Structures are given as structure tokens and as C-alpha cells.
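Please look at the sequence and the structure shown here before reading on. The report that follows goes through the chain as a whole and then through some of its parts.

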Amino acid sequence: MGRKVRFTDNAFILELTGMTRFFALKKRMVIPYHMIERAIVDYFQAPFWLVKLPGTAIPWLNIYEGTFFYKGYWYFLSYERKVPLVILELKGHPRYNFVIFETADPTTTVAELNKRLIK
């Protein structure tokens with residue numbers, strides 16, 4: 001499964017490729033830097049009672065791809081292993097409160113992203 005990250009002058013772009021795109025029912029996420037409140041690397045365990053809208057969840061394999069709702073918050077999840085993930089807390093985004101995804105080098109991704117955030 002695949003994801004590519006890109007940094008433009010004004011926005012962070014998460015591109016979904018291959019089967020990841022199919023399971024997430026989404027091609028890309030474009031997030032303006034000013035909407036990213038916080039970017040960290042951490043582990044994330046999806047709550048059992050997440051409502052998928054739309055997306056794919058296979059909890060026993062730890063696969064989550066797509067849009068989910070839980071306790072008043074909207075999540076975009078894209079991961080399939082219990083590894084450190086990139087966790088973006090958003091403010092003012094029209095749909096999502098959190099974007100959480102797997103990447104080959106989450107520490108470098110978050111460091112590069114934090115350089116670009118407008119505070």
C-alpha cells in the first residue's frame with residue numbers, strides 16, 4: 001500500500017496510491033499549512049467504536065483507510081501496521097479534525113512539515 005507526501009509553498013499534500021487509494025476511497029488530501037495546529041510522531045490505536053464514513057477498517061489486522069467519526073471528531077486514517085505514525089491535528093479544516101497516516105520516515109516528514117507551519 002502506498003502514500004506519498006509533498007510539500008508546496010502553501011500546503012501539505014498526502015497522495016494515496018495503489019490499493020491504499022482504493023481502500024480509503026480517496027485520492028489525495030491537500031491541507032493548507034495554516035490549518036495544521038500540531039504535527040507529531042506517535043503511536044495511535046484506533047478506538048473500537050469508530051464509525052467509518054466511507055472507508056475500510058480491519059481492526060484485527062490493524063488496517064484503517066479512509067474517513068472515520070468518533071466522539072464528535074472526524075479522522076482521516078491511513079495505516080496498516082502498529083508503527084509510529086504522523087499525526088496532524090487540524091484547526092479550521094472543513095472536514096477533518098485529525099489526519100493520521102503511515103509513512104516510511106515519519107520523523108523526517110514531521111520535521112519538514114514543522115519547518116513550514118505558520119505560527
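## Basis of the description

This is a predicted model, in which local features need pLDDT of at least 70 and side-chain atom pairs count only at pLDDT 80 or more, while totals for chains, interfaces and linings use all residues. Residues are numbered from 1 along each chain as its sequence is written, and side-chain values use heavy atoms, with hydrogens and water left out.

## The chain as a whole

The secondary structure of the protein chain comes to two helices and nine strands, where helices (H or I, at least four residues) and strands (E, at least two) are DSSP runs numbered from the N terminus. Along the sequence these elements follow the pattern β-β-α-β-β-β-β-β-β-β-α. The radius of gyration is 13 Å, close to the 14 Å that the globule rule gives for 119 residues, so the protein chain is as compact as a globular protein of that length; this radius is taken over C-alpha atoms, and the rule is 2.2 Å times the number of residues to the power 0.38. The C-alpha trace spans about 35 × 30 × 25 Å along its principal axes.

Of the 119 residues, 44% count as buried, a word that here means under 20% relative accessible area, whereas exposed means over 50% and partly exposed lies in between (1.4 Å probe, protein chains only). The protein chain exposes about 6800 Å², and carbon and sulfur atoms supply 58% of this area, which comes from the Shrake-Rupley method with a 1.4 Å probe; for residues, only the protein chains shown count as cover. Among contacts between residues at least 6 apart in sequence, 46% join residues at least 24 apart, with contact meaning heavy atoms within 4.5 Å.

Strands of a sheet pair through backbone hydrogen bonds, either parallel or antiparallel. In this model, three strands form an open sheet in the order 1-2-3, with antiparallel pairing; two strands pair if DSSP finds at least two bridges between them. Strand 1 (2-7) and strand 3 (28-32) stand at the edges with a single partner strand each, so one side of each is left without a neighbour in the sheet. Neighbouring strands of this sheet are turned by 15 degrees against each other on average, direction ignored.

Strand 1 and strand 2 form a hairpin with three residues between them, and six bridges join strand 1 to strand 2 (residues 11-17). Arg3 stands opposite Leu16 in strand 2, and Phe7 has Phe12 as its bridge partner in that strand. Helix 2 (residues 106-116) lies across strand 1 and strand 2 and runs at about 30 degrees to strand 1; axes are lines fitted to C-alpha atoms, for helices over the stretch in contact, and angles run from 0 to 180 degrees between N-to-C directions.

## Strand 7 and its partners

Strand 6 (residues 63-70) pairs with strand 7 in the antiparallel sense over seven bridges, and Glu65 has Ser78 in strand 7 as its bridge partner. These two strands form a hairpin with two residues between them, and Lys71 in the turn has a positive phi of about 50 degrees.

Strand 7 is also joined to strand 9 (residues 98-101) by four bridges, and here the strands run parallel. The bridge partner of Leu77 in strand 9 is Ile100.

## Aromatic rings

A search of the whole structure finds 10 aromatic pairs; rings of Phe, Tyr and Trp (its six-membered ring) pair if their centres lie within 6.5 Å, and planes under 30 degrees apart count as stacked, over 60 as edge-to-face and the rest as tilted. Phe44 and Tyr75 form a tilted pair, 6.1 Å centre to centre with 35 degrees between the planes. Phe44 lies in the loop between strand 4 (36-42) and strand 5 (51-58) and Tyr75 in strand 7 (residues 73-79), so the pair ties together parts that are 31 residues apart in sequence.

Tyr75 is buried, with a relative accessible area of 10%. Ring pairs link Phe44, Tyr64, Phe68, Tyr73, Tyr75, Tyr79 and Phe98 into a cluster.
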